[in-house]
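Here is a walk through a predicted model. Keep the sequence and the structure side by side as you read.

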Amino acid sequence: MTARIYRPSKTAMQSGVANTRKWVVEYDLAEPRTVEPLMGWTSSGDTRQQLKLRFDTEAEAVAYCERNGIPYQVFEAKPSPRRTISYSDNFAFKRRDAWTH
């Protein structure tokens, strides 16, 4: 069973960068999920899949995996380009569209 080490990206419903600064260690599935015939719920006997460990740095997450003998993969997320504009740019003369109200 391998673990994934990554920094989560921000969701579409989020405008800030909260909960995206910490590194997360997640375990991959050890056995496939099955559908329970009586209720139709999806279940799994693997309880490690429910576990998410958060670390301040990537080095701490890697050290945890190496200390406990867990094989891991590190996924680097590329930062999204941030376009900063000010409110006064809405009224600039160089706008593509005319500002009318």
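**Pocket, sheet and helix**

The space inside the largest pocket comes to about 410 Å³.

Strands of a sheet pair through backbone hydrogen bonds, and the pairing is either parallel or antiparallel. Here four strands form an open sheet with mixed pairing, in the order β5-β2-β1-β6. β5 (52-55) and β6 (72-75) stand at the edges. Each has a single partner strand, so one side of each is left without a neighbour in the sheet. From one strand to the next, the twist averages 20°.

β6 pairs with strand β1 (residues 3-6) in the parallel sense, over four bridges. In β6, Phe75 stands opposite Tyr6.

β1 is also tied to β2 through side chains. Arg4 and Glu26 meet in a salt bridge, at 2.5 Å from N to O. Arg4 sits in strand β1 and Glu26 in strand β2, so this pair, 22 residues apart, links distant parts of the chain. The structure holds four salt bridges.

Finally, find the helix. Helix α1 (residues 58-67) lies across β1, β2 (23-27), β5 and β6. Against β6, helix α1 runs at about 170°.

Methods: Residues are numbered from 1 along each chain as its sequence is written. This is a predicted model: local features need pLDDT of at least 70, side-chain atom pairs count only at pLDDT 80 or more; totals for chains, interfaces and linings use all residues. Side-chain values use heavy atoms; hydrogens and water are left out. Two strands pair if DSSP finds at least two bridges between them. Helices (H or I, at least four residues) and strands (E, at least two) are DSSP runs, numbered from the N terminus. Axes are lines fitted to C-alpha atoms, for helices over the stretch in contact, and angles run from 0 to 180 degrees between N-to-C directions. Contact means heavy atoms within 4.5 Å. On a 1 Å grid over the protein atoms alone, a cavity is a set of points where a 1.4 Å probe fits but cannot get out, and a pocket is an open set with protein on both sides within 12 Å along at least five of seven lines; lining residues have an atom within 4 Å of a point. Grid points are joined across faces, edges and corners, and a volume is the space filled by probe spheres set on the points.
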